[in-house]
Amino acid sequence: MRLRLPSGRTLVLALPFLWLSLFFLAPFLIVAKIALSEAALGIPPYAPVLRWTDEGVLTVVLNLGNLATLFSDPFYFDAYLRSLRVAAISGLLCLVIGYPMAYAIARAPEHRRNLLLMLVVLPFWTSFLLRVMAWIGLLADNGVINNLLLAAGVISQPIQLLYTDFALYAGIVYCYLPFMVLPLYATLSKFDPVLIEAAADLGARPWRAFLTITLPLSLPGIIAGFMLVFIPAVGEFVIPELLGGPGAQLIGRVLWMEFFTNRDWPMAAALAMVLLLLLVIPIAWFQHMQGRASR
Amino acid sequence: MTPAPTARRRCLLGGLAAVLLTLPPLAAAQAQALNVFNWNDYIDPAVVERFTRETGIAVRYDVFDSLETLEAKLLAGRSGYDIVVPTNEPSFSRLIAAGALQPIDRAQVPNWANLDPVLMKQLETSDPGNRHGAIYLWGTIGLAYNVGRVRELAPDAPTDSWRLLFDPTLARRLAPCGIVMMDSQIDVIPSVLRYLGLNVNSTAEADLRRVEQTLMGIRPHIRTFASGGVIELLASGQACLAFTYSGDAIQAADRAREAGRGVDIRYVAPKEGAQLWFDVLAIPRDAPNPNAAHRFINFLLQPDVMAAITNTVHYPNAVPASKPMVEEAIKNDRNVYPTEEDFARFFTVTAVPQAAERARSRLWARFKAGR
């Protein structure tokens, strides 16, 4: 009898599964384990979930207190809500700014498109942190923008730009804009302009043609771009920390506080777990939308 | 490590701390090297070079900018460091309780005898018997202010009192020239408790509510929460009043004098009482090279070495024999080396339980948000 080897198809499928279980599922389970343990003073600073008693009995001690606190204390709920709101607004702002950009690139003459696309990704050549720091130089009280406005006589004393919601959104939109433009470009470049001409022939004005033809056809790109901005923006820590006001208690900042200031690893892990679940739902929705779009 | 003598001990830029934590720990494989984890800009670089020259032990010098970073690394285990420099409270005592530090073998540290017994006695509230650490440098937390600007805006203000900052009517008058708050709950809350005449270690809800009321009262007048950079803000005249560490204030005063733009910065440890802190040389339990760590501590406790460090960073040390070698200006500054009379007003704190810590972080978050 011949040993049956797994087919090539199985192997190809097994690889991503292996990857995901190694680098996604396993870390998630570790985080979940910490989330269900009790904080303690020691190395590491939490009590083990699995314990052998003297009689050789394996006992499991689960602490659901952290998750209960998360849902009963409005402090965490507010932080989640604020993070979701900031991420959603950032996503919309990126869409409003990114859509015309992507559209223009897609409609540009072929030989210029690559150059324009390269300009979109050009900022990635510099460190992310450095680019956020550069915004501090622009927005500070004695920064470039205030100095220009002062010199032009528009304002008589510096206006506060740094450490405000404006700075927060400027930072997020600036950093994540390429993630919106690229998927939009990908969909818009496949779009056949003949459809618009046909609409015009049938008497549709440009605006109406855009709303009834271009926009619906570019929906997958819009959703992909929005998700690519929204998902990392929810857990964003560096930008709110460096540019946002002290009032911007986003979930990333709260997580940091639990982990570092309170040294409560289980609580921080519980926060991270819930954050992950919050993100899995929109991703699943996105997959669903994509599946529908491709049908 | 920058050779510039900027003793900005604590820039509490949490974001960077988090980034640092994700970096792989220093390789512990090389047994010969000594891995030091100290506050940023907190040593005379020449001292480290001299240690290597004399002992042949290479030093890998790494810096942290907040106690949170240090504790998180040590509590995760296998940090790979041989020497760490936690502040007595809350970190040093907590690390001892967590079993993260090893007792120091005094037989290997003959220069232990150079330590000031009075200061070491103070440290015993955190480490009974002084088993786990030797004082490296120490100082107080108080107010730094711009003499000219404060006199101009509030000539009648008591510059020797916490009222200068915590009294809302005074804070309102000083707001136009810039008030900077240290973004550190573990440093600010005990001082507010002291100002209110309460127990500095209080975890009582009613006491914390009063702290919050006091802080909220001055919240509208605070220009920024500093995550480092206090020295620069004061020296350049962008801020005229700051809650800060003694050494930072002295650095700011020096730099303002050098700039020669008429900015005169002074430090005061307020009369109601100022928090005294000690940064402690300690050895992690799992240090890869404890022998080198002991030699390093012994090396640092030499009078001439300590004098060089104090001359660089402007914080006092705990080796009295170093004093003759400390520069006159630093030695005679009451804010660096306080008198006995000053000492009577200083207080130390103890670590609070985790639940109380959380209540304090919440309070702090609300204070920063201003709601």
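View 1. B:F166 lies in helix α7 of chain B, which spans residues 163–166. The model shown in this and the other views is predicted. B:F166 has a relative accessible area of 1% and is therefore buried, the cut-off for that class being under 20%. Apart from neighbours within four places in sequence, B:F166 is in contact with B:M181, B:S191, B:V192, B:Y195, B:T214, B:L215, B:I218 and B:F243. B:I265 stands 99 residues from B:F166 along the chain, and the C-alpha atoms of the two are separated by 19 Å.

View 2. Helix α14 of chain B covers residues 303–313 and includes B:A308. The relative accessibility of B:A308 is 23%, so this residue counts as partly exposed. With residues up to four places away in sequence left out, B:A308 touches B:D44 and B:V47. Between the C-alpha atoms of B:A308 and B:V36 the separation is 18 Å, for two residues 272 apart along the chain.

**View 3. Contact between chain A and chain B.** On the chain A side 31 residues take part in the contact, and on the chain B side 35 residues. The two chains bury about 2,800 Å² between them, with 62% of this area on carbon and sulfur atoms. In chain A, the residues that lose the most area to chain B are A:I43, A:F260 and A:R263, which together account for 25% of what that side buries.

View 4. Chain B contains 17 helices and nine strands. Its radius of gyration is 20 Å, close to the 21 Å that the globule rule gives for 371 residues, so chain B is as compact as a globular protein of that length. Taken along the principal axes, the box filled by the C-alpha atoms of chain B is roughly 60 × 45 × 40 Å. Of the 371 residues in chain B, 62% are buried. Among contacts in chain B between residues at least 6 apart in sequence, those joining residues at least 24 apart make up 76%.

Notes: Residues numbered from 1 in each chain as written. Chains lettered and ligands numbered in written order. Predicted model: local features only at pLDDT ≥ 70, side-chain atom pairs only at ≥ 80, totals over all residues. Heavy atoms only, no water. Helix = DSSP H or I, 4+ residues; strand = E, 2+ residues; numbered from the N terminus. Rg over C-alpha atoms; globule rule 2.2 N^0.38 Å. Buried < 20%, exposed > 50% of the residue type's maximum accessible area, 1.4 Å probe, protein only. Contact = heavy atoms within 4.5 Å. Buried area = accessible area lost by both parts, 1.4 Å probe.
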